[in-house]
Amino acid sequence: MVIETQGLTKRYGRVVAVEGLELRIEAGEVYGLLGPNGSGKTTTILMLLGLTEPSAGQVRVLGLDPVREPLSLKRQVGYLPDSVGFYGEMTAWENLSYIARLNGLPPALAKARMERVLERMGLAEVAHRPVGAFSRGMRQRLGLAEVLLKEPKVVILDEPTLGLDPEAAQEFLKMIQSLKSEGITVLLSSHLLHQVQAICDRVGLFHKGRLVLEGRVEELAQRVLGGAYRIRLEATPLQGLAERLQALPEVSRVQAEAQGLRLEATQDIRPQVARAVLEAGAALQSLVLEQPSLDEVYARYFQEVRHAA
Amino acid sequence: MQRSSTSRRREGSPWTGLWAVFFKEMADHLSSTRMRILEVLILLSAVGAVYAGAQTLRQTISEDPFLLLRVFTAAQDPLPSFVAFLSFFLPLAAIALGFDAINGEYNRNTLSRILAQPIYRDALLWGKFLAGLATIALILLALFLLVVGLSLIFLGVPPSSEEVARALLFLLATLAYTGVWLGIALVTSVLFRSAATSALAAIAVWLFFALFWGIIAQLLAQAVAPFDPFDPESELRQTEALLAFSRLSPNTLYAEAIQALLNPGVRSLGPVLISQLEGALLGSPLPLGQSFLLAWPQLTGLIALTIGLFAVAYVLFQRREVRA
């Protein structure tokens, strides 16, 4: 177990930021800490790193206590904050070499590693330019380069894709994914659920300081959305189709949309749906099996919680 | 997972990474535009003051055994003395170096990144403080050598070893005095998130002590020990109260310390009664050791104030949340 927490709680005065968090992350996992802004993700991360003290509960990262043994912990854990900043008047190289010195790396080793990480992040050409002129995407990559400088066992990334354009975000996510193949455990937080769901082995959904749902994305979809298979169809005319499809034994739910219908089913029943539409005398325009999205899982979960309340 | 049975002490040394921070900050200071401006300002005023001082001293060279020390303190009418210049500019220089020490890291979003490295917060704060102090020590030393060199050129009299020793002690006192202002700037940089507010607050403290504290000390002394025209001792009590109050200001401490160190004729920093002067050879210089003894309480006061301010900044910073 690389990261383990027990009853982890953080209170700021009377405000509870994180409450009773039980987190277990295995070696080599990519774990996504997901939830809206202000739900306690960053506070959790800061507690894992020993940058803020927990009000109650226990934390072990690589078997170390972040409050009592922060130095050996931070030597093995890389952290990329959500709004990463650099000394703008210094070059990328100088910024990295400051971090290397803070980590106590011998100069020769530091130089070799800096060259390697800058090359890997595609920053070798701009290494000697002041960071002040870097774009958001370049800063983010420099941040990851800095994290890799200490050859960490665990990497913690706070909102790594925030503020990146979609292309840069995808590229950055690919870089994160490549860490997994090196056996690095990755913990990342994000409120952009759909963006990160593809690279996470497991996710934990946060809501108001509590971890409310946890598991693999497909599992969660299955659990929350009932039927994991979601089929969307467009056909004309739509009259009467909903009732007909509802009658199919595998269909658990039918929802009318602007252009067509959306079904939830326990199996992939596209052939049966197509037949039913044709039998009704309507023209079928499209029939798509949708991938379950975390956004939907999240939205639906809280809809149900609110209904239950 | 079991509760660790080891002691509650932190592992490792709080100084890990101190030198990395120190050298980075020092390099920043020495290459910053801010520093350029200060250097030019201090240099111009120092050269001006020394030149003017030397002009007046030329006429009296043969009469004074402590010529080098006179160069520091001699003033010619429109220009104040070198020492007066220093006590005016150095607090500003210290504030300029320290006012954005911590809040600057917050505002550039670099703090959480730096603290995620294997160092304690101690190292960051110490590194920044020592770098500021070292930068100022460097300027002071350069300035000092410049003044000594200039006075050699203008006056042509080499300083005696005692003069050099006194001048070096004066440097030490000046460094301690600057340390106080660096400490104040460090505290405001932890206290205020905005760099402009922090600079303004530190300058307000400086103005308060430079301009208003004298008046306030007088009012306080009058309130604590009212003057009674029929009781001559009440006057002494009031003078002593005034002295005690004004010594709460680092400016007074510094002024008294350098007075004792640079003027060997000074025998007391407080009121002297006629009875105490019995048998004294007025105007004869004190030996270095005695002058140092005279300035000792002021010196320790300045150093203690510096350490106290640093401690305040330290406690405030340790309690600060990393996230904005």
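Predicted model: local features only at pLDDT ≥ 70, side-chain atom pairs only at ≥ 80, totals over all residues.
Helix axes here are lines fitted to C-alpha atoms over the stretch in contact, with angles running from 0 to 180 degrees between N-to-C directions.

- An unreviewed UniProt entry lists "transmembrane region" for residues 40-61, 81-102, 123-155, 167-192, 199-221 and 295-317 of chain B.
- Residues 81-102 of chain B are 77% helix and 0% strand, with 35 Å between the end C-alpha atoms.

**A pair of helices: H8 and H12**

- Helix H8 (residues 161-191) of chain B and helix H12 (residues 288-319) of chain B have axes that come within 8 Å and cross at roughly 20 degrees.
- Angles under 35 degrees count as roughly parallel, so H8(B) and H12(B) are roughly parallel to each other.
- The crossing of H8(B) past H12(B) is left-handed.
- In this contact, the residues divide into 23 nonpolar, 4 polar and 2 charged.

- Side chains of opposite charge can pair when their charged atoms come close.
- Across all chains, a search of the whole structure finds 29 salt bridges.
- One of them joins the side chains of Asp28(B) and Lys24(B), at 2.7 Å from N to O.
- Asp28(B) and Lys24(B) sit 4 residues apart in helix H1 (residues 18-31) of chain B, so about one helical turn separates them.
- Asp28(B) is buried, at a relative accessible area of 19%, and Lys24(B) is buried too, at 4%.
- Glu25(B) and Lys128(B) also meet through their side chains in a salt bridge, at 3.0 Å from N to O.
- Because Glu25(B) lies in helix H1 and Lys128(B) in helix H7 (residues 121-155) of chain B, the pair ties together parts that are 103 residues apart in sequence.
- Both Glu25(B) and Lys128(B) are buried.

- Arg34(B) forms a salt bridge with Asp100(B), and their closest N and O atoms are 2.9 Å apart.
- This pair links distant parts of the chain, 66 residues apart: Arg34(B) is in helix H2 (residues 33-58) of chain B, while Asp100(B) is in the loop between helix H4 (82-98) and helix H5 (103-107) of chain B.
- Arg34(B) counts as partly exposed at 32% relative accessibility, whereas Asp100(B) counts as buried at 18%.

- Lys24(B), Glu25(B), Asp28(B), Glu105(B) and Lys128(B) are joined into one network by salt bridges that share partners.

Methods. Residues numbered from 1 in each chain as written. Chains lettered and ligands numbered in written order. Heavy atoms only, no water. UniProt positions renumbered as here; feature names shortened; annotations may be inferred. Helix = DSSP H or I, 4+ residues; strand = E, 2+ residues; numbered from the N terminus. Parallel < 35°, antiparallel > 145°, perpendicular 65-115°, else oblique. Left-handed = near helix turned anticlockwise from the far one by under 90°. Nonpolar A, V, L, I, M, F, W, Y, C, P; charged D, E, K, R; others polar. Salt bridge = Lys/Arg side-chain N within 4 Å of Asp/Glu carboxyl O. Buried < 20%, exposed > 50% of the residue type's maximum accessible area, 1.4 Å probe, protein only.
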